[in-house]
Amino acid sequence: FQKLFHIIFRILLPYSNGIIFSSNRSKDYYSKIITIKKKNVVIQSGVDTTFYNPDINFDTKDFFLNFDIKDRKILGMIANINPIKRVDHFIELNILLKKHKDLVFLVICNVPQNQQKLFNEYKKKIQKNKLKNFFFIHSIDDVRPFLKIIDYYFCLSDYESSPVSVWEAMSMSKVIFSKDVGDVRRFISNDINGQIITSDINETAEIFLNVH
């Protein structure tokens, strides 16, 4: 699929007036396959900071039903079920931090039909490890109440260009734990507004405990 996309890109490129990249990392990647000179600009995915405002009061009672979140810290992700999003790493992080009873793990997700098998595998892993504090929340129209109640936002994707969910979480004043994807490193400073992490979940657990 990637090779096909590159071919289509090269065919259409001469007919364009210019190129808009969603991140500097995307620009670096595509510059390798651009054979003709074109005007270009980098425009990150936009977020309305007046809309994603942490000072707005939201109704959050429907998120947990009978689950008590008082005096707990909430770790959150927004990630449709897909191998690239690495929800499995979030589950593994929960397993590593299982003895810390004050933590809750939440994932906002949709489940595409072709990813139902993967989603079932995630649920089996949660059940097998008896994770009582891991929740999937499906199909919500407004993620702001979710971002309001969480304490830490996680982006564990293997690849992103301009991760809008990270920018939204930042706008809602959340501490960010993110892999070095897209231009995240340009906006996240370790020990200031978050942490840049790797695919090593054991290392991520240690970093989180030092911050938490």
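Predicted model: local features only at pLDDT ≥ 70, side-chain atom pairs only at ≥ 80, totals over all residues.
Colleague: Thanks! How many helices and strands does the protein have?

Modeller: Eight helices and eight strands. The C-alpha trace spans about 60 × 40 × 35 Å along its principal axes, and 40% of the 212 residues count as buried.

Colleague: Let's look at strand 7. What makes it largely enclosed by the rest of the structure?

Modeller: Strand 7 covers residues 175–179, and four of these five residues are buried, so the strand is largely enclosed by the rest of the structure. Buried here means under 20% relative accessible area.

Colleague: How do you know that strand 6 and strand 7 pair?

Modeller: Pairing needs at least two bridges found by DSSP. Four bridges join strand 6, residues 152–155, to strand 7, so with that cut-off they count as a pair. The two strands run parallel, and Phe-154 stands opposite Phe-177 in strand 7.

Colleague: And which residues make up strand 8, on which strand 7 also has bridges?

Modeller: Strand 8 is residues 194–197, and four bridges join strand 7 to it. Those strands run parallel too, with Lys-179 standing opposite Ile-197 in strand 8.

Colleague: Why is the unit made by strand 6, helix 6 and strand 7 called right-handed?

Modeller: The test is to look with the strands pointing away from you: a right-handed crossover has its path from the first strand over the helix to the second running clockwise. Strand 6, helix 6 (residues 164–171) and strand 7 make a right-handed β-α-β unit.

Colleague: Where is Val-181 placed?

Modeller: Val-181 is in the loop between strand 7 and helix 7, the latter being 184–187.

Colleague: Why does Val-181 count as buried?

Modeller: Its relative accessibility is 4%, and the cut-off for buried is under 20%. Val-181 therefore counts as buried.

Colleague: Which residues is Val-181 in contact with, leaving aside its neighbours within four places in sequence?

Modeller: Arg-25, Cys-155, Ser-157, Asp-158, Tyr-159 and Glu-160. A contact asks for heavy atoms within 4.5 Å. Cys-155 is 26 residues from Val-181 along the chain, and their C-alpha atoms are separated by 8.9 Å.

Colleague: Finally, how many positive and negative side chains does the protein have?

Modeller: There are 30 positive and 23 negative side chains, and the centres of the two sets lie 6 Å apart.

Technical notes
Residues numbered from 1 in each chain as written. Heavy atoms only, no water. Buried < 20%, exposed > 50% of the residue type's maximum accessible area, 1.4 Å probe, protein only. Lys, Arg positive; Asp, Glu negative; His and termini not counted. Charge placed at Lys NZ, Arg CZ, Asp CG, Glu CD.
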